[in-house]
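Here is a short report on a ligand and the space around it.

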Amino acid sequence: MSQEQLRPVRVGLLGIGTVGSGTFTVLKRNQEEIRRRAGRGIEITMVADLNVELARKVVGDAAQVVSDARQVIANPDVDVVVELIGGYGVAKALVLEAIAAGKHVVTANKALLAVHGTEIFAAARAKGVIVAFEAAVAGGIPIIKALREGLTANQIQWVAGIINGTTNFILSEMRDKGLDFDVVLKEAQRLGYAEADPTFDIEGVDAAHKATLLSAIAFGIPVQFDKAHVEGITQLSATDIKYAEQLGYRIKLLGIARRRMDVKTPHGVGGIELRTHPTLVPMRRLIANVEGAMNAVLVQGDAVGTTMYYGKGAGSEPTASAVVADLVDIARLLDAAPEARVPYLAFQPDEMSTLPILPLDEVVTSFYLRLRVADKAGVLAKITGILAEQGISIDAVIQREADEVSGEGNQTDLIILTHDTTEGGMNKAIAAMQALPTVLAPIVRVRKEELA
Ligand code: HSE
């Protein structure tokens, strides 16, 4: 059959909010280019949304609009179901139903895949359908494609990304304006940069979902969000951002996945660090200069070295760009054998790695510490002594000028940068330092990564 004769791929859209309407618009505007690339047309033929009127406004007469997503799944004329509802609840049931009905699935739902990916990919494999999720990580940046295909020659050593635009916007504003987190969050909500309920973003959960997916495709391990370390930006102060800046660092919320072969676990040698937390990054690194709501992902491969991917991690058309790219992949593979497909998590499902996610105590990073101390003789010696006891080497120390505090004597901020150490060792050192009577406030710690 010649390519001209292939019928268009018929797409059913579940949810036509921001990303759904972007998908509709991009497919329509670029239909000719997309057809030339895919070898056949791609048409949204059916849309389900609870807000039927709004959906009709977006699609006009181009597609049938219904309120019940199950009508789309049950329609034998729909080849691919695009799930843009989000969350773990109804979206999970609908994705599993679509798979059971033999539909290929495209989803932007990082939460769903990070938590239930193992079940969803197993169901899809059993049914012989594709589940594609480029839009789930870093929006318009084709990082899934890059990791699964472009870098397939490499042993990936680590992946580190700014993969949440909301928190990157807040951190940029905190640094630019010297404002504290709460103030900037309110402003970000007023401007529409942060959602009314920003919990998943500011607590690091959204970034950790994406880091979980990146860890799976970088190392061929199952998705294990339950073992990820998740820490957001709510505890960060403008003071620490300022001190970090003075020391040549920016603070970024990074999602990090790193292969470590220097550790022994009950399972054998090696493990994977999977963590999301605020991180000091040297200002001279490109990624430290990714500002506002932009995303960026660094990948270190043994053959390629360090590569970086930068772009919009959210928004209507940037995310639609990723959804449509998945639709084009499916259009090309629609009549091909399952063996022709790239595996869901980059590695063949029977060849998955059993390397465990390492407990946080085993994670190795360097640290920024801020201690509020009494400005007395011997205080610094005691603190450095405790760090030495734990084998923690100091990289730099800065003592601010003492400030007078009436009735309590002089106090000062002591800023310490350490070399690499384990989290477990640092916990012990912090507990011992905190017990000193001359340490006057809770010690602030922020992890630091050189990303070299
Ligand atoms: N809320 C996310 C962000 C976008 O702020 O980057 C969707 O994952």
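In this predicted model, an oxygen atom of the ligand is 3.3 Å from a side-chain N or O atom of Asp206. The table lists them with Asp206.

| Residue | Part of the residue | Distance to a ligand oxygen |
|---|---|---|
| Asp206 | side-chain N or O | 3.3 Å |

Taken alone, the ligand exposes 260 Å², and the protein buries 83% of that. These areas come from the Shrake-Rupley method with a 1.4 Å probe.

Residues are numbered from 1 along each chain as its sequence is written. Because the model is predicted, local features need pLDDT of at least 70 and side-chain atom pairs count only at pLDDT 80 or more, while totals for chains, interfaces and linings use all residues; side-chain values use heavy atoms, without hydrogens and water.

Which residues surround the ligand? They are Lys110, Asn164, Gly165, Thr166, Asp201, Asp206, Lys210 and Ala314, each with a heavy atom within 4 Å of the ligand. By class, this shell has one nonpolar, three polar and four charged residues. Gly counts as polar here, and Asp, Glu, Lys and Arg as charged. Helices α8 (165-177) and α11 (205-219) each give the shell at least two residues. Helices are DSSP runs (H or I) of at least four residues, and strands (E) of at least two.

The ligand sits in the largest pocket, meaning that more than half of its atoms lie within 2 Å of the pocket's grid points. A pocket is an open set of points on a 1 Å grid, with protein on both sides within 12 Å along at least five of seven lines; lining residues have an atom within 4 Å of a point. This pocket holds about 1,200 Å³ of space. It has 42 lining residues, and Lys110, Glu195, Asp201, Asp206 and Ala314 are the closest to its centre. Elements giving two or more lining residues include α1 (18-29), α6 (110-127) and α13 (316-333). The lining has 17 nonpolar, 17 polar and eight charged residues.

There is also one cavity of 30 Å³ or more. In a cavity, a 1.4 Å probe fits but cannot get out. The largest cavity has a volume of about 40 Å³. Its lining includes Leu171, Arg175 and Glu291.

Note on methods. Polar contact = N/O pair within 3.5 Å; in protein donor to acceptor, adjacent residues only side chain to side chain. Points joined across faces, edges and corners; volume = space filled by probe spheres on them.
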